[in-house]
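Please keep the sequence and the 3D view open as you read.

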Amino acid sequence: MSTHNRGAQSYFDKVPAEWDALYAHENRLQYRINRLLRPGLYARHDFTFEQAGQIEGARVLDIGCGTGRFSIEFAKRGAAQVVGIDFAPHMVDFSRAIAQRMQVAERCSFICGDFMTHQFEQPFDIIIAMGLFDYIREPQPMFTKIAQLTRRVFIGSFPRFSLLWGLQRHVRYYWIRKCPIYNYTRPQLEQLYQTAPFGKLTLVQQRHGFLGAAARA
Ligand SMILES: C[S@@+](CC[C@H](N)C(=O)[O-])C[C@H]1O[C@@H](n2cnc3c(N)ncnc32)[C@H](O)[C@@H]1O
């Protein structure tokens, strides 16, 4: 089953450089400014590496990898094999180039494709989906496929609607860029995790969304 969001695919395919600039660790000043202006983005990063458990030797899947910053960080922290998948071709090109530059390309592979239709041959110890579920109209089949592929832990981020932030995102993404976005509530997320199924769940509410880490059931 495909959850293909063509608006998201065409939007993200045009913006790899702009997106990647949010993570520009190489420039300390820009990095500090981004951390101040985009606390949610950096909270995702901190949460991911707090919840991942042992990274050394792990097989990791990064769904909706964007420019691969999370994938590359897993490889730098000793993951044996990292697979990033994204359906925006220019995002994937960018990921490959950064992995080469950071000298972790031999442990990273990047697939251009839709997570829901790609066939994976083996499961993963750690699966992450950061900033992905914002663009998923039907999350349950995706949760189920993730649960089937997870050996140890699945870590994800989910936006929640709030009047000001939710509305301005709707205008920015849907009205201007024709890219629909989807929000989540705590009961809905608890149901999604339970049905997948996953085991022990840590679900943390943030200003604009939730961060979840769930063990395989
Ligand atoms: C907001 S970006 C997040 C990128 C990265 N995870 C990060 O946090 O920096 C979301 C990415 O998900 C990708 N995406 C959305 N739906 C997807 C799907 N079904 N399969 C693969 N990639 C998808 C988009 O192309 C986009 O690059």
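The report below starts with the ground rules, then turns to the ligand, the cores, some individual residues and the backbone.

## Ground rules

This is a predicted model, in which local features need pLDDT of at least 70 and side-chain atom pairs count only at pLDDT 80 or more, while totals for chains, interfaces and linings use all residues. Residues are numbered from 1 along each chain as its sequence is written, and side-chain values use heavy atoms, with hydrogens and water left out.

## Around the ligand

Which atoms of Tyr23 and Trp19 face the ligand's oxygen atoms? In Tyr23, a side-chain N or O atom is 2.6 Å from an oxygen atom of the ligand, and in Trp19 a polar side-chain atom lies 2.9 Å from a ligand oxygen. Gly64 uses its backbone instead: an N or O atom there is 2.7 Å from a nitrogen atom of the ligand. On its own the ligand has 600 Å² of accessible area, and the protein covers 99% of this (Shrake-Rupley method, 1.4 Å probe; for residues, only the protein chains shown count as cover).

The largest nonpolar core has 43 residues, and Phe12, Phe74, Ile126 and Ile155 have the most contacts inside it. A core here is a set of buried Ala, Val, Leu, Ile, Met, Phe, Trp, Tyr and Cys residues joined through side-chain atoms within 4.5 Å, where buried means under 20% relative accessible area, exposed over 50% and partly exposed in between, with a 1.4 Å probe and protein chains only. Elements that each supply at least two residues include helix H1 (6-14), helix H4 (39-51), strand E4 (124-129) and strand E7 (209-216). Helices (H or I, at least four residues) and strands (E, at least two) are DSSP runs numbered from the N terminus.

Apart from this core lies another, of 30 residues, with Leu61, Ile85, Phe120 and Ala147 among them. Ala147 is also one of the buried residues of helix H7 (residues 139-149), whose cover includes strand E1 (59-63), helix H9 (186-195) and strand E6 (198-205).

Phe154 sits in strand E5 (residues 150-159) and is buried, at 0% relative accessible area. Beyond four places in sequence, its contacts (heavy atoms within 4.5 Å) include Ile128, Phe143, Tyr193 and Ala213.

Ser71, in helix H5 (residues 69-76), is buried too, with 0% relative accessibility. Its side chain makes a polar contact of 2.8 Å with that of Asp62; such a contact is a pair of N or O atoms within 3.5 Å, and within protein one must be able to donate a hydrogen and the other to accept it, with residues adjacent in sequence counting only if both atoms are side-chain atoms.

## Backbone details

Most residues other than glycine have a negative phi, and most peptide bonds are trans. Ala196 and Pro197 are joined by a cis peptide bond, with omega about 0°, and Pro197 is in the loop between H9 and E6. Gln103 has a positive phi, near 60°; this residue lies in the loop between H6 and E3 and is exposed, with a relative accessible area of 66%.
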